[in-house]
Amino acid sequence: MNVRYRSIIDLMRTISKNYCTHSEQYYAKQIKNATVVCTNHLTPEIKLHLITEQCQLWHSPANECQFNDPFWAFYWPGGQAISRFILDNSKYVNNKTILDIGSGSAACSLASAIAGASQVTANDIDPVACVAAKLNAQLNNINIHVLSKNILFNDCSQWEVVIVGDMFYSQDIADVLWKWLDALCNKGKTILIGDPGRHCFKPERHLQERLKKLKEYKLTENCCLENRGFSTASVWILE
């Protein structure tokens with residue numbers, strides 16, 4: 001058995017072992033084929049399956065993409081900022097239960113686990129994103145829980161910290177999020193938000209007064225090119 005064939009067999013065994021349904025196994029194989037393992041970002045200690053310029057899909061027209069919306073294959077600036085902040089300031093997550101809402105690649109979840117969180121849940125309603133989260137956790141030898149249920153307006157009683165990275169991409173979702181985060185904050189939850197300055201990141205005045213910027217990061221050159229000229233991203237806490 002040659003080395004290439006053996007590596008393919010090992011890959012398929014790993015996929016079958018970790019992804020119980022046929023659709024999950026299919027998604028895992030598709031993700032691995034379409035991405036590269038990347039560390040060229042603000043958190044090089046975390047390896048992620050991403051679509052970069054090295055990938056064929058990067059240069060292909062949208063109608064040739066095998067995924068409906070591969071947002072999970074990009075490390076968005078708000079998520080990079082939160083992940084870097086958590087790794088450098090573990091006190092915000094250490095020994096705490098974490099919910100990473102709209103987790104995508106699950107980078108923020110992985111950063112929380114590395115920083116000593118007692119339990120981490122990556123939540124995304126996209127089934128492919130959930131498989132990508134599992135792949136990235138496996139890639140970094142980290143255990144996280146992946147949840148595909150829509151939990152907006154859940155009381156989140158089982159989590160102490162809620163992470164929101166790059167979720168303010170439209171006004172509709174922003175309006176829903178601010179109401180939910182306001183309610184969670186009133187219940188004593190710690191809310192960490194990462195955003196590069198999108199136009200929808202504008203809460204009502206009473207929430208503006210409760211937002212505190214914790215850190216602003218300069219983005220890497222490749223991240224700036226991928227994100228329409230955003231050059232920095234900030235981490236906020238809602239108190």
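1. Strand β4 (residues 119-123) runs parallel to β5 and is joined to it by three bridges. Within this pairing, A122 stands opposite V146 of β5. The model under discussion is a predicted one, and the remarks below should be read accordingly.

2. The β4-β5 pairing belongs to an open sheet of seven strands, arranged in the order β5-β4-β3-β6-β7-β9-β8 with mixed pairing. The edges of the sheet are formed by β5 (145-147) and β8, each of which pairs on one side only. Direction ignored, neighbouring strands of this sheet are turned by 20° against each other on average. In general, strands of a sheet pair through backbone hydrogen bonds, in either a parallel or an antiparallel sense.

3. Helix α3 (residues 77-88) lies across β6, β7, β8 and β9 (232-238), and runs at about 65° to β9. Helix α6 lies across β3 (97-101), β6, β7, β8 and β9, with an angle of about 150° to β7.

4. As to charged contacts, the count of salt bridges comes to eight. Side chains of opposite charge can pair when their charged atoms come close. The individual cases are taken up in the points that follow.

5. D166 and R198 meet through their side chains in a salt bridge, at 3.0 Å from N to O. D166 lies in the loop between β6 (161-165) and α6 (171-186), and R198 in the loop between β7 (190-195) and α7 (205-208); the pair therefore ties together parts that are 32 residues apart in sequence. D166 has a relative accessible area of 10%, so it counts as buried, the limit being under 20%. R198 is likewise buried, at 14% relative accessibility.

6. R198 also forms a salt bridge with D195, the closest N and O atoms being 3.2 Å apart. D195 is buried, with a relative accessible area of 2%.

7. Which residue forms a salt bridge with D182? The partner is R210, and the closest N and O atoms of this pair are 3.0 Å apart.

8. Finally, a network of salt bridges links E45, R84 and D88.

Notes: Residues numbered from 1 in each chain as written. Predicted model: local features only at pLDDT ≥ 70, side-chain atom pairs only at ≥ 80, totals over all residues. Heavy atoms only, no water. Salt bridge = Lys/Arg side-chain N within 4 Å of Asp/Glu carboxyl O. Helix = DSSP H or I, 4+ residues; strand = E, 2+ residues; numbered from the N terminus. Buried < 20%, exposed > 50% of the residue type's maximum accessible area, 1.4 Å probe, protein only. Pairing = 2+ DSSP bridges. Axes fitted to C-alpha atoms, helices over the stretch in contact; angles between N-to-C directions. Contact = heavy atoms within 4.5 Å.
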